[in-house]
Amino acid sequence: MAKEVKATAKKAKSAMPSVLAFEKKLVPSDAQMFAVNWAERHGKAQGLALQLKSVRGTISNRLPVALLVALEKDPAKLNAEVEKPNLQTVDHCALPSDCDTLKVRFTLKVLSGVAVPSACNNQEFNDSYREAVEGYIGKTSFTELAKRYATNLANARFLWRNRVGAESIEVVVTHLEGEKQTQWTFDAKAIGLHDFDNPAVAALAQVMADSLSGKREFALLEVVAYSRLGQGQEVYPSEELVTVKENKSKVLYETGGIAALHSQKVGNALRTIDTWYDDAARPIAVEAYGAVTNLGMAYRKPTEKKDFYTLFDRFGVGERLSDTEEHYVMAMLVRGGVFGQSSK
Amino acid sequence: MHYYVEITCLPDEGVSTAFIMGKVMDVLHLALVNLQQRLGRNPVGISFPEYGGAAQMGGKIRLFSQDQAHLESLNLPQQLQRLADYVHLRGISSIERPTLAFATFQRVQPKSSRERLIRRQAKRTGRADAVVRAQYQTFDEVRTDLPFVHMHSHSSTQSFRLFIEKRTAQPVGEWVFSTYGLSGCVGVPDF
């Protein structure tokens, strides 16, 4: 028995291809932001533009030592230094004072074909991997993952901070199939962020499961969320990473002159379904090491053998994983990425 | 006997505890303003049981009162309903212990902007800007690294930092707090 395990482990190492990549199967667009009034929220909406705000700060950093020495000789210089206004320019975004509701709209493509890597240079692995995925699809039809993704659409998790403190939130999901349109409306607050067991999402989950498992080639969904925050309330588009320091200290994201959330940020919310890590208190985003950056924590440490690569090495060569481990591995494959093993 | 309710901000992926704390404090401030208008004073104090760690303010808030009815009248379950996915509210508990420690949580407003002080002084005294400016010629701006809550003013719609300092204290009889539930002299149970 021990010999056999050793043999499998050896095989796993040699079988893992050096080139291996998966395309993501949930493809969201950027999410644009509009302002409406709750009472007529399904009517016409105006795009939200970013505003430029100049804040007058003051000198707060420690003065450099060289300057302090110079100041001792010439106290007048300090006044000049402190009087220098520290003007900060930041991007800002808020609802206009006559609108109480934020409307956020994006589209989501759900693709099939998770059994086929977009790049793989090892035929033996390709076969055993395909077998494992087909086994998973045969067993679950992707219902568990689809239910969780559908819940994260219906509960409006993708609104992030724009969800906090809203009086009411409505999500309308439309399945676009040429001329035919199927529409579901959800009360996002009733569904909530803490579990994935609301039967209200079943029909939407079925459409997503059919696409992921290959019963249909793809599904195109239009997602519109209405978050009633109150007139003039601040809203939070994605922040741009500023690499070149310019005169603006906070840059927000916009597309076509309309404030927006990055598609990556939307995708991250949709895959916040991992409750299968040890001592799970709440769902975290599906990531290779279970990393949650805003807490500076990794919930799936490689030392505990629950990280993606450890599990995937076993899954890919046809080793048996527990149900929850399988869900996690499949969710990572839906997420997509480059998972090849370096030959070094 | 001291009565209290405890509010825990639940950290969520992508939404920080500090952000939720600010939203909760906005709600509590409004509730306490209403209470003060009704009673003519605010007898409900706030403590931050996780104050001072690496996370500075932590994610917990307790509201204390010597009269259970005051806590009930705040109607917190309804007030915090908008934040239902992000906070956990425990029902009213009581505590009485001979060895109970007390601490004050006090607002600190550092004189951090010389320009602002000049502006306000000029407005208050009606003196010319240049005169006031001369008076503040040698003024040193004060900085603080105290923990703070990021809040929004409903009257001015400006956002600001509510800096809070914690000090150990002796229990006192007269319970009066600001509309933020803070006080420089009235201590609340600290456990």
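Colleague: In what order do the elements of chain B run from the N terminus on?
Modeller: This is a predicted model. Chain B holds five helices and nine strands. From the N terminus on, the order is β-α-β-β-α-α-β-β-β-α-α-β-β-β.

Colleague: Of the contacts in chain B between residues at least 6 apart in sequence, what percentage join residues at least 24 apart?
Modeller: The C-alpha atoms of chain B fill a box of roughly 55 × 40 × 35 Å along the principal axes. Within chain B, take the contacts between residues at least 6 apart in sequence. The share that joins residues at least 24 apart is 67%.

Colleague: How far apart are the centres of the positive and negative side chains in chain B?
Modeller: Chain B carries 22 positive side chains and 17 negative ones.

Colleague: Are the rings of A:Phe308 and A:Tyr309 stacked or edge-to-face?
Modeller: Over all chains, the count comes to 24 aromatic pairs. In the pair A:Phe308 and A:Tyr309, the ring centres are 5.3 Å apart and the planes stand at 70°. Planes over 60 degrees apart fall in one class, so this pair is edge-to-face.

Colleague: Where in chain B does B:Phe105 lie, the partner of B:Phe48?
Modeller: The rings of B:Phe48 and B:Phe105 are edge-to-face, because their planes stand at 70° with centres 5.7 Å apart. Both B:Phe48 and B:Phe105 are buried. The two are 57 residues apart, and B:Phe48 sits in the loop between β2 (45-47) and β3 (60-65). B:Phe105 lies in strand β6 (residues 102-108).

Colleague: Which residue of chain B has A:Arg161 over the face of its ring?
Modeller: Chain A has a charge over a ring of its own: A:Arg41 lies over the face of A:Trp38, at 4.0 Å from the ring centre. A:Arg161 lies over a ring of chain B, at 5.2 Å from the ring centre. That ring belongs to B:Phe19.

Technical notes. Residues are numbered from 1 along each chain as its sequence is written. Chains are lettered from A and ligands numbered from 1 in the order in which they are written. This is a predicted model: local features need pLDDT of at least 70, side-chain atom pairs count only at pLDDT 80 or more; totals for chains, interfaces and linings use all residues. Side-chain values use heavy atoms; hydrogens and water are left out. Helices (H or I, at least four residues) and strands (E, at least two) are DSSP runs, numbered from the N terminus. Contact means heavy atoms within 4.5 Å. Lys and Arg count as positive and Asp and Glu as negative; His and the chain ends are not counted. The place of a charge is taken as NZ of Lys, CZ of Arg, CG of Asp or CD of Glu. Rings of Phe, Tyr and Trp (its six-membered ring) pair if their centres lie within 6.5 Å; planes under 30 degrees apart count as stacked, over 60 as edge-to-face and the rest as tilted. Buried means under 20% relative accessible area, exposed over 50%, partly exposed in between (1.4 Å probe, protein chains only). A charge sits over a ring if NZ of Lys or CZ of Arg is within 6 Å of the ring centre and within 35 degrees of the ring normal.
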